[in-house]
Amino acid sequence: MSMTRRGGEPGTSRPRAFLRAAGGGGRRGRLLAGLGAVTAGLLALHRFVPNTPGRLGSLLETFLLWLGPAAALLLLCAALRRARTALVVLLVPVAVWAVSFGPLLLPAPPPGPRELTVAQHNVADDNADPAGTARALAGSGADLIALQELVDPALAVYRRELASRYPHHSVRGTVGLWSRHPLTGARALDIKPADVTEPWRRALRAEVRTPYGEVAAYVVHLPSVRLGPGGLASARRDESAARLGRILAAERSGRVILAGDLNGTLDDRGLAPLTSRLAAPGRGLALSYPAALPAARIDQVLARGGRLPSIRALPGTGSDHLPVLARVALDETP
């Protein structure tokens, strides 16, 4: 005797129901599984995404961090739909994200010997409260403060407000370094893109005489990037990063700290000339831009001859960037 479903074919009701439950919730389950596979591929293989046209690779890497929350949301949808296959597939991008970014969420280790703290902040050339910004940065207790977009008359305010706690400072063009410790040999660096004809000084190098020995400190501001119909316009930034990378390659000091607005995340291949030579923070997301709703950390602190146990974002100032504060643990022998 055969089993017949009303209005359907004989013997199909229970097998189909079983397949829907075990196989992923039908068409929507397959869609979720497909999105999960694509997300996992982008997370694990983003370096293979071509950068032309429109520097798509760099664009993806700018927001790579956010693929994790996207995968988690898809996982929740799959769970609500009881799409078992999709659930299994979506565990892959979640796991890849956890391996890549999970350590940044762990608690920072306790302070150790030979540590410096470095505050990095693009103060914005239209900052309406430079005095309040300077006081907030001084209140962070940083040993070094690196600033970008220093313009008159605000520059005089930063000098005045920071002078008591930071007696040593150097400004070149629109970037400056304030220090608790003596500075020597400060000079501007040429990282200007070839097609820029107007005056453009946005990098400096100085030697800092710390209690743990000398450190070469760099303060930089790489060119801005723009997102438009043609994709990510980052050619100038990439060229400037390459110029700075060659300077770092020739740097003789065993201890280097670089702080700056790099206009890119550390995953962005355009910053590879820097990230391939310097260590990044091990803990902390420290999303810094835009200040109103931070989506990416483009304000960076990197180092050589030491490690960076942590980095964190500080409360907002009058700038469209948030300041970040990094700990730098210097090696005993550079």
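These legends walk you through a few close-up views of a predicted model.

**View 1. The largest nonpolar core gathers 24 residues.** Look here for V118, L177, I257, V301 and V328, which have the most contacts inside this core. Strand β13, spanning residues 324-330, is the top contributor, giving four residues. A separate core of 19 residues lies apart from this one, and its members include A203, L244, V256 and L274.

**View 2. V301 and its surroundings.** Leaving aside neighbours within four places in sequence, V301 touches V118, Q120, I257, L258, A259, A279, P281, L308, I311, A326 and V328.

**View 3. Helix α7 has a buried face.** Within this helix (residues 154-162), you can find A154, L155, V157, Y158 and L162 buried. Viewed down the helix axis, the buried residues fall within an arc of 160°, so they line one face of α7. Their packing partners are α6 (130-139), β2 (144-148), β3 (168-172) and β4 (175-179).

**View 4. A salt bridge joins R47 and E61.** Here the N to O distance is 3.3 Å. R47 sits in the loop between α2 (26-44) and α3 (56-62), while E61 belongs to helix α3, 14 residues away. R47 is partly exposed at 45% relative accessible area, whereas E61 is buried at 0%.

**View 5. E239 and R243 pair up within helix α8.** Their closest N and O atoms are 3.6 Å apart in a salt bridge. The two residues are four apart in the helix (residues 235-249), so about one helical turn separates them. Both E239, at 28% relative accessibility, and R243, at 24%, are partly exposed.

Methods: Residues are numbered from 1 along each chain as its sequence is written. This is a predicted model: local features need pLDDT of at least 70, side-chain atom pairs count only at pLDDT 80 or more; totals for chains, interfaces and linings use all residues. Side-chain values use heavy atoms; hydrogens and water are left out. A nonpolar core is a set of buried Ala, Val, Leu, Ile, Met, Phe, Trp, Tyr and Cys residues joined through side-chain atoms within 4.5 Å. Buried means under 20% relative accessible area, exposed over 50%, partly exposed in between (1.4 Å probe, protein chains only). Contact means heavy atoms within 4.5 Å. The arc is that of the directions from the helix axis to the C-beta atoms. A salt bridge is a side-chain nitrogen of Lys or Arg within 4 Å of a carboxyl oxygen of Asp or Glu.
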